[in-house]
Amino acid sequence: MMRTVWIAAVIGLSVILSSLTPLTANTVWSVDTTRKQVAFTFDDGPKPESSIPLIDMLEKLQIRSTFFVVGHEAQANIDLIKRLHEQGHEIANHTYNHRRLPALSDEEILSELERTNAVIRSATGESPRLFRPPGGQFNTKVIQIAASLGLTVVLWDVNAGDYVLDVHRFPVKDESRREDGSSFSQSVIAKITTQAKPGSIILMHNGGDVIELLPTIVTKLRNRGFEIVTVGELLREGKPRPNSIWNNDHVPD
Ligand SMILES: [Zn+2]
């Protein structure tokens, strides 16, 4: 009897462990490295009105970044994906329709990821290796389906909060609303430049006013000795740093 209970407990534990293992093995919040490198990531593109000035700015600053692209936007702007690829940026998967994945069926999740992979492959000739779930919302099922397509889930450890700069999406948040008197632009610059540490993955968005802040952000980071690289390059320097999956800030997209 005791033996049966023990075996059942071991089986139960191994089921729990096997369902937990992918959470740590295939999610990246930041990278465990002592090298002073950080990665900029830009979500939700490509969009001609904001991607072109962003690509131009990154070229001027001599930076290569990771772009988590939305499949249907990529399909409509294949030339932009090609340009990003030609300029050495890393193109990664951010689903086809930017839907919250935990609410979808397995088939729908698979379709969101596969369709986006196909668009990226048709533009670059390469399959993406990295994937970021919209809103940072994921569960074990999402990680496992992503892993089945060779995709690693990439989150972030520094949230620039740059979406507050986009007044069209957040019309009530203007420059005068911060209690400490600083502007939202100043808060975005401060968040990135004070929170960045070796191996940090910095969340920004492909749009709006963050482009104008990049020269200041990059100068401050470089003055602190940081080099700006892609997430793929960071992952060649070290393994994912252990992190809680529950400390995720809520972000609106
Ligand atoms: Zn997004």
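**Helix packing and loop geometry in a predicted model**

The model is predicted: local features need pLDDT of at least 70 and side-chain atom pairs count only at pLDDT 80 or more, while totals for chains, interfaces and linings use all residues. Residues are numbered from 1 along each chain as its sequence is written. Nine helices and nine strands are present in the protein chain (DSSP runs numbered from the N terminus, helices being H or I of at least four residues and strands E of at least two).

The 19 residues of helix 5 should span 27 Å at 1.5 Å a residue, in agreement with end C-alpha atoms that are 27 Å apart (the expected span being 1.5 Å times one less than the number of residues). Buried positions in helix 5 are Ile 109, Glu 112, Leu 113, Thr 116, Val 119, Ile 120 and Ala 123. These cover an arc of only 125 degrees around the axis, which puts them on the same side of helix 5 (the arc being that of the directions from the helix axis to the C-beta atoms). On the other side of helix 5, Asp 106 and Glu 107 are exposed. The buried residues of helix 5 pack against helix 3, helix 4, strand 4, strand 5 and helix 6, contact being defined by C-beta atoms, placed from the backbone, that lie within 7 Å.

The axes of helix 4 (residues 78–86) and helix 5 (residues 106–124) come within 9 Å and cross at roughly 65 degrees (axes being lines fitted to C-alpha atoms, for helices over the stretch in contact, with angles from 0 to 180 degrees between N-to-C directions). Ile 78, Ile 81, Lys 82 and His 85 of helix 4 make this contact with Ile 120, Ala 123 and Thr 124 of helix 5.

In helix 7 (residues 184–195), the buried residues are Phe 184, Val 188, Ile 189 and Ile 192. Seen down the axis of helix 7, they fall within an arc of 145 degrees and so line one face of the helix. Their cover includes strand 7, strand 8 and helix 8.

Within the largest nonpolar core, of 60 residues, Val 154 and Ile 202 touch the most other members (such a core being a set of buried Ala, Val, Leu, Ile, Met, Phe, Trp, Tyr and Cys residues joined through C-beta atoms within 7 Å). Helix 8 supplies the largest share of this core, six residues. When residues up to four places away in sequence are not counted, Val 154 touches Val 28, Ala 92, Leu 130, Phe 131, Arg 132, Ile 201 and Val 231.

Asp 44, in the loop between strand 2 and helix 2, has a positive phi of about 85 degrees although it is not a glycine. Asp 44 is buried, with 22 other C-beta atoms within 10 Å. Pro 46 is found in the loop between strand 2 and helix 2, and a cis peptide bond with omega of about -5 degrees joins Gly 45 and Pro 46. Thr 95, in the loop between strand 4 and helix 5, is buried, with 25 other C-beta atoms within 10 Å.

Technical notes
Buried ≥ 20, exposed ≤ 12 C-beta atoms within 10 Å, placed from the backbone. Contact = placed C-beta atoms within 7 Å.
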